[in-house]
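Open the structure in your viewer and get ready to select pieces of it. Each stop tells you what to pick and what you will find there.

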Amino acid sequence: MGGREVNVPAAASTRSSATDSVRLDLKGITKSFPGVLANDHIDLTVEPGEIHVLLGENGAGKTTLMNILYGLYQPDEGEILVNGAPVKFHSPSDAIGAGIGMVHQHFMLIPVFTVAENVMLGSEMTRWFGFLDHRRARLEVQRLGQEFGLAVNPDALVESLSVGAQQRVEIVKALYRQAGVLILDEPTAVLTPSETEELLTVMQSLKRAGRSIVFITHKLGDAMQVADRITVLRGGRVVGATVPARSSEAELATMMVGHAIRLGVERPPAQPAAVVLSVKELTVRDDRGQLAVDNVSFEVRAGEIVTIAGVQGNGQTELVRALMGLDQVAAGRITVGGRDLTSASPRQTLDAGVGHVPEDRIKDGLIADFSIAENLALDVYYLPPYARGPILNPIEMLHNAEVRIPEFDIRTPSALTSAGSLSGGNQQRVVVAREFSRPVSLMIAAQPTRGLDVGSIEYIHERIVQLRDRGAAVLIVSSDLDEVLGLGDRIAVMYRGRMEGPFESEELTRDQIGLLMAGAAAAPDPASDGQAGRKP
Amino acid sequence: MNPKPQPAPGPNRAAVARAILQRVISPESTTWNSILVVLLAFVTALVVSAGFVIASEPTVFAAPDPITALSNAGAVVVNAYGALLAGAVGNPSSIAAAFNSGSASGVAQAFYPLSETLVAACPLIFTGLAVALGFRAGLFNIGGEGQVIAGGLAAGYVGFSVHGLPGIVELPLALVAGFVGGGLWGFVPGLLKARTGAHEVISTIMLNYVAIYLTYYFLNTAWFQRPGRTDPISRVVDAGAMLPSLAGVNLRVHAGVIIAVLAAIAVYFLLWRTVFGFEFRAVGSNPAAARAAGINVGRVVVLAMTLAGGLAGLAGASLILGTQFSLTPGFSSGLGFDGITVALLGRGNPAGVVAAALLFGGLRAGSIQMQASTSTPVDLVQVIEALVILFVAAPAVIRAIYRLRTAPVSAAPAVSPGWGA
Amino acid sequence: MSVAMITVGARMAVSRRRTLGVFFLIVAAAMAGLFGNNVSDGVNAHFVFNLQTSSAVHIPDLVVPVRATAFALAAVCAFLGAVQIARGFERWAYVVLGLVIALFIFAFLGWAARSSSLSLVGMLQGTLIRATPLTLGAFSGLLCERAGVINVAIEGQMLVGAFSAALVASATSNATLGILVGMLSGGLIAVILAVFAIRFQVDQVVVGIVLDLFCLGLTGFLYDRLMVPYQATLNSAAPLAPIPIPVLSSIPIVGPILFDQNVFVYLTVVLLVVIQVALFHTRWGLRVRAIGEMPRAADTAGLNVLRTRYVNVILGGLVAGLAGSFFTLGAVGQFTKDMTSGRGFIALAAMIAGHWTPLGSLGAALLFGFADALQNFLSILNVPISSYFLLMAPYLATLLVVAGVVGRARPPAADGKPYVKQ
């Protein structure tokens with residue numbers, strides 16, 4: 001298999017030669033995994049040149065369906081038709097050959113390769129003997145970028161790119177393989193509002209070129225803004241199909257979840273008291289010596305929630321890790337309740353009454369092989385009553401679990417089940433149960449509801465507000481604007497390691513936060529009367 | 001959300017006990033499956049190894065016809081394995097005869113194989129524990145060989161240098177020296193791993209070779225070398241430092257076995273009943289989460305490697321103080337690696353380690369007899385052991401071969417993948 | 001997430017720079033103290049550049065005053081150390097490190113050869129010979145690890161390669177056949193490794209170590225059963241003679257070392273070029289590296305992850321078998337039990353130190369090969385170091401290197417993790 005395929009691959013004969021556009025029909029797609037029916041007789045049609053939104057909450061089956069379409073899974077039942085002809089995709093190469101391209105939620109990019117290398121992987125540009133032709137690849141990447149308004153530097157290393165830029169690379173990758181249908185899986189979850197606007201513009205230009213787009217999301221606002229048609233999935237089945245003109249966010253939300261839900265968090269006004277957390281001129285470097293947190297100062301008082309907005313990769317992760325003692329501080333001071341914790345170890349920080357719900361629950365929050373009971377005691381196993389001196393008391397751990405499991409509604413057959421076998425929502429409940437049951441004066445939670453079902457999201461938001469009202473200081477880091485606005489008494493924004501704010505939440509509109517997340521150094525305009533711009 | 005009513009106060013020990021018992025004895029239980037898989041793996045390994053024996057046996061190929069060839073093949077295997085068994089546990093009929101004859105030395109003779117098995121198992125328990133403890137902390141301790149040597153050198157040195165103190169003092173002193181020596185040999189790679197990220201597989205193996213050459217070096221110095229000898233052999237250990245024999249003059253089994261079993265119990269207690277053990281297991285399972293929960297991962301790594309090294313050092317001490325009584329090069333003879341196979345077979349559990357050590361100890365003891373009476377080289381036992389581990393490590397292979405329909409068993413403990421970078 | 005990354009990940013690049021600088025200073029102190037201090041003035045070392053056998057041009061011996069040289073070189077290293085601590089050499093740090101090590105070795109050799117002469121050429125030749133199996137072993141390791149599979153069974157693959165090469169070459173008097181069979185036996189062990197690691201997803205380090213034990217036992221067993229009783233027919237292969245390349249082998253100094261060696265050395269050079277080019281400039285290499293870094297991305301790009309891993313592991317086994325054949329057919333001819341003595345693990349260390357590249361592995365292998373060859377050519381001189389410590393040298397050197405003095409290298413990101421296709 002030398003060179004790049006100049007001949008149109010066989011499967012592409014089903015494509016319309018005129019506009020490179022593709023019509024997709026999915027009929028009766030069914031797929032089950034052990035214990036769960038992920039897709040239940042799903043019918044879906046994607047017309048050429050349309051933007052079709054697939055809406056559903058986490059766990060509804062959207063990604064499974066698209067993975068089937070992309071050849072990563074085989075359906076148990078049902079068939080796929082491309083331009084009217086039935087096809088079977090045994091692997092992604094088959095799907096690619098039929099003109100289907102996919103931009104995954106978690107990017108499939110190799111960090112240490114360049115953009116051009118990533119784009120051409122699998123259909124490389126070569127000279128004789130399989131030698132790579134970097135020059136031609138570079139030219140092609142630039143051409144595609146210009147044609148569709150996706151600016152990418154072919155020679156840049158992917159690990160040095162921002163999240164938005166990486167997403168553009170993923171799209172170029174799909175276009176390089178002449179995709180007629182582009183599947184975008186939750187693309188806006190990682191973008192700033194202005195980047196989202198750019199993406200929507202790109203989608204429009206793709207549409208004008210005759211390509212179709214399947215846009216998977218759980219964000220109602222984006223769906224309403226850009227969709228030609230919307231299909232809603234719930235529990236693996238199609239529960240509704242509509243167009244934005246004939247629907248509303250509330251109706252879509254009801255279809256997604258199955259019952260009416262509140263679209264926001266009920267949050268009584270805060271009663272802030274003394275300062276608990278004081279951060280002064282904090283500077284943290286990442287493991288390559290670059291500035292990750294740049295001279296950040298802010299305070300959090302007891303009885304208030306401060307939320308930090310920002311797209312991933314702007315220093316929030318490093319900030320939280322520095323606060324918890326997991327990473328070294330290059331300069332600045334961290335004080336909790338009057339105690340200087342700047343160079344404290346994680347144990348000292350936890351002992352000082354700080355709770356931590358980590359960003360990555362599987363990596364940092366839980367030990368998958370340990371039982372739920374042991375995980376619930378992970379911070380406190382060495383303290384009485386769980387330990388008397390060096391001797392451990394596992395029965396006490398079990399007893400504690402028997403209290404916490406019902407209290408936090410953790411769905412599990414027993415307290416001895418290993419934590420790794422729980423669903424995402426239940427795992428997060430274990431972490432929350434552990435941290436929220438300790439006496440803490442400061443709670444730091446990073447991305448606390450990422451990837452969770454609506455029920456768990458609601459529950460955790462409630463517990464956070466309860467904790468605040470019991471007098472704790474709460475710091476939430478989130479890249480979900482709805483969560484930031486819904487929970488924050490005061491809101492700060494991080495961009496490239498610097499922090500703007502915290503501002504009182506009434507002072508800040510959604511648009512202004514969006515601008516700050518994208519780096520525009522706009523301070524909130526006190527003259528704004530609070531009615532301009534979208535507010536939750 | 002309404003708070004649920006509090007459950008009845010007091011821990012529900014009975015329910016917990018029932019749940020645990022249920023797990024152990026039900027046919028679907030993991031433990032039952034483990035034992036079945038191990039047994040079948042053992043049988044399969046014996047069969048494959050028999051293949052090697054047959055393939056290297058000239059009488060099989062020189063036979064005039066296939067029937068004779070087959071019977072020759074069969075004879076060779078039966079002889080070899082028969083001698084193996086006899087050397088490991090002895091012959092029931094000769095035991096009975098010895099009892100009937102009533103002579104003490106006769107009885108002792110009949111129990112000689114069992115005694116040899118225990119003698120061989122004793123250091124294996126220690127090294128198996130050393131590797132298993134490492135596994136639990138997420139470390140692959142291949143340095144058993146060097147740690148055994150370091151412990152043996154230290155124990156031996158104390159053993160023949162200290163005179164005149166009562167046995168109550170000398171023996172524990174020598175044992176402690178062995179623990180410290182081995183501990184030092186575990187401490188170094190542990191520290192390197194914690195501070196620099198150096199992968200313990202390579203650093204421990206390098207230290208193994210350093211230890212081997214150190215033995216030669218020391219045995220040529222005046223401190224160690226037996227006066228009047230030019231070959232590398234050390235002075236004899238003082239009588240007060242020798243491990244007492246358990247069964248009389250003719251049988252070699254010594255108190256080291258008891259200490260080994262006590263060590264296994266101690267390791268179990270450490271891992272599941274102490275704060276320390278909790279930290280070990282946490283770090284072994286998920287070092288990132290352990291650190292986020294406040295555990296000092298570096299300290300755990302160093303301590304785990306040191307303790308593991310100390311246990312292996314006790315193996316060396318038990319060799320020198322229990323059977324050999326002086327130092328010679330190569331006295332450790334592959335114990336470190338045997339410890340790995342014992343730990344893998346024992347699934348990293350102290351009880352499993354003891355059982356596996358007895359099994360492999362029997363194989364080792366039997367192999368001496370096998371080589372003596374049928375000239376089948378002792379290396380065959382190493383082949384058998386490695387095959388057993390391979391088959392145990394992939395239960396799916398056993399299931400496929402024997403078409404078992406039992407529940408899948410978790411594979412051998414997975415140590416941290418990658419080179420630690 | 002590994003233990004090492006947790007403990008070390010929080011450290012800064014700054015302290016690593018300082019550590020390297022302090023290391024340079026320690027080396028300088030050692031040079032001055034050990035090699036300069038105890039030597040009286042006027043003692044010289046002769047470095048001989050010619051081999052007795054062949055040389056078209058006669059190069060005069062290099063006469064070096066030991067004491068002065070040691071101090072001078074120590075001063076240079078001290079200066080480099082100071083610069084490293086203060087500013088750091090950044091991209092040139094590794095080059096400077098190599099320079100410091102080379103200077104240390106030179107001063108050491110001067111001290112060792114004081115009042116007598118040392119054949120530099122012979123020393124280099126010995127180094128190259130010892131480094132050859134280490135380099136090949138490192139290549140084997142990196143073929144596997146670049147695709148994401150850890151191969152610690154190199155030691156075992158070398159042993160079976162050595163054994164079967166000797167056996168077949170002796171029985172058939174055909175060295176080429178012996179080498180081929182040696183490679184195939186390494187490949188066979190690699191098949192077992194591949195199946196257990198890729199299909200059954202057993203921990204790769206565990207499988208590798210168990211295979212090492214298996215091969216050790218098997219070769220020992222078969223040696224006792226077959227080679228000892230039938231020594232004449234089955235274990236008397238002759239080592240391969242060196243094949244001089246015409247013209248090139250007559251170049252002074254370099255000629256005898258590089259162009260008058262046996263076929264293994266030439267094969268190593270060929271493999272060096274082939275692997276280096278293929279891995280970084282061809283489509284095959286891009287795909288292999290993609291699979292080693294992020295197999296899921298490669299899978300979604302349409303690559304066959306599992307098949308590539310199988311192929312690479314088996315290729316690695318073939319190369320390790322070749323390395324093993326060197327121990328017998330390339331060196332002594334006869335097989336003895338456990339003749340690889342840990343060299344498979346040193347090869348792994350060379351691969352790590354070489355940052356998983358062929359060129360880097362060669363550099364590290366030369367260093368370890370030098371340490372390995374020390375015992376041989378220093379025993380000719382009257383060096384007051386117990387030969388046992390010299391025998392430890394390669395292992396201690398490896399330990400130092402692995403302890404990260406060379407810096408933390410990044411393996412392929414998916415190294416050691418089985419790929420689960422969902």
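**Stop 1: a helix in chain B**

Start in α11(B), and select B:G256, B:V257, B:A260, B:A263, B:A264, B:V267 and B:L271, which are buried. Why are they on the same side of α11(B)? They cover an arc of only 110° around the axis, and that puts them together on one side of α11(B). Now turn to the other side of α11(B). There, B:L262 and B:I265 are exposed. Keep in mind that this model is predicted.

What do the buried residues of α11(B) pack against? Select α7 (112–136), α12 (275–285), α14 and α16 (350–374) of chain B to see the partners.

Next, check the length of the helix. Helix α11 of chain B covers residues 256–273, which is 18 residues. At 1.5 Å a residue, the helix should span 26 Å. Its end C-alpha atoms are 25 Å apart, which agrees.

**Stop 2: chain B as a whole**

Select chain B. Its secondary structure comes to 18 helices and 0 strands. Chain B has 421 residues, and 55% of them count as buried. Look also at how the chain folds back on itself. Among contacts in chain B between residues at least 6 apart in sequence, 76% join residues at least 24 apart.

**Stop 3: the largest nonpolar core**

In soluble globular proteins, nonpolar side chains tend to be buried together. Here, the largest nonpolar core holds 433 residues. Which of its residues touch the most other members? Select A:I183, A:L442, B:I125, B:L129, B:A304, C:M31 and C:A350. The largest share of this core, 17 residues, comes from helix α14 (residues 297–324) of chain B.

Zoom in on A:I183. Leave aside its neighbours within four places in sequence. A:I183 is then in contact with A:M66, A:L69, A:Y70, A:I100, A:G101, A:M102, A:V103 and A:V214.

**Stop 4: the domains of chain A**

Color chain A by its domain assignment. Domain 1 is 22–257, domain 2 is 265–353 + 439–536, and domain 3 is 366–437. The C-alpha centres of domain 1 and domain 2 of chain A lie 32 Å apart. How many residues does each of these domains bring to the contact? Domain 1 of chain A gives 12 residues, and domain 2 of chain A gives 11 residues.

Now select helix α6 (residues 193–208) of chain A. With 3 residues, helix α6 gives the largest share of the side of domain 1 that touches domain 2. By class, that side of domain 1 has 5 nonpolar, 5 polar and 2 charged residues.

**Stop 5: where chain A meets chain C**

Show chains A and C together. Here 23 residues of chain A are in contact with 21 residues of chain C. Which helix of chain A gives the most to the side that touches chain C? Select helix α2 (residues 92–97) of chain A, which gives 3 residues. The chain A side of this contact divides into 9 nonpolar, 8 polar and 6 charged residues.

**Stop 6: chain C as a whole**

Move to chain C. Its secondary structure comes to 17 helices and 5 strands. Of its 422 residues, 55% count as buried. The domain assignment gives domain 1 (1–115) and domain 2 (121–363). The centres of these two domains of chain C, taken over C-alpha atoms, are separated by 31 Å.

**Stop 7: a phenylalanine in chain C**

Select C:F104, which lies in helix α4 (residues 93–112) of chain C. Is C:F104 buried or exposed? It has 21 C-beta neighbours inside 10 Å, so C:F104 counts as buried. Leaving aside its neighbours within four places in sequence, C:F104 is in contact with C:V27 and C:M31. You met C:M31 among the core residues that touch the most other members.

**Stop 8: a helix in chain C**

Finish at helix α11 (residues 263–281) of chain C. At 1.5 Å a residue, its 19 residues should span 27 Å, and its end C-alpha atoms are 26 Å apart, which agrees. Select C:F264, C:V265, C:T268 and C:I275 in α11(C), which are buried. They cover an arc of only 95° around the axis, so they sit on the same side of α11(C). On the other side of α11(C), C:V270, C:V273 and C:V274 are exposed. The buried residues of α11(C) pack against α5 (120–145), β5 (260–261), α14 (305–332) and α16 (358–378) of chain C.

Note on methods:
Residues are numbered from 1 along each chain as its sequence is written. Chains are lettered from A and ligands numbered from 1 in the order in which they are written. This is a predicted model: local features need pLDDT of at least 70, side-chain atom pairs count only at pLDDT 80 or more; totals for chains, interfaces and linings use all residues. Two residues are in contact if their C-beta atoms, placed from the backbone, lie within 7 Å. Helices (H or I, at least four residues) and strands (E, at least two) are DSSP runs, numbered from the N terminus. Ala, Val, Leu, Ile, Met, Phe, Trp, Tyr, Cys and Pro count as nonpolar, Asp, Glu, Lys and Arg as charged, and the others, Gly among them, as polar. Domain bounds come from an automatic or database domain assignment. The expected span of a helix is 1.5 Å times one less than its number of residues. A residue is buried if 20 or more other C-beta atoms lie within 10 Å of its own, exposed if 12 or fewer, and partly exposed in between; C-beta atoms are placed from the backbone. The arc is that of the directions from the helix axis to the C-beta atoms. A nonpolar core is a set of buried Ala, Val, Leu, Ile, Met, Phe, Trp, Tyr and Cys residues joined through C-beta atoms within 7 Å.
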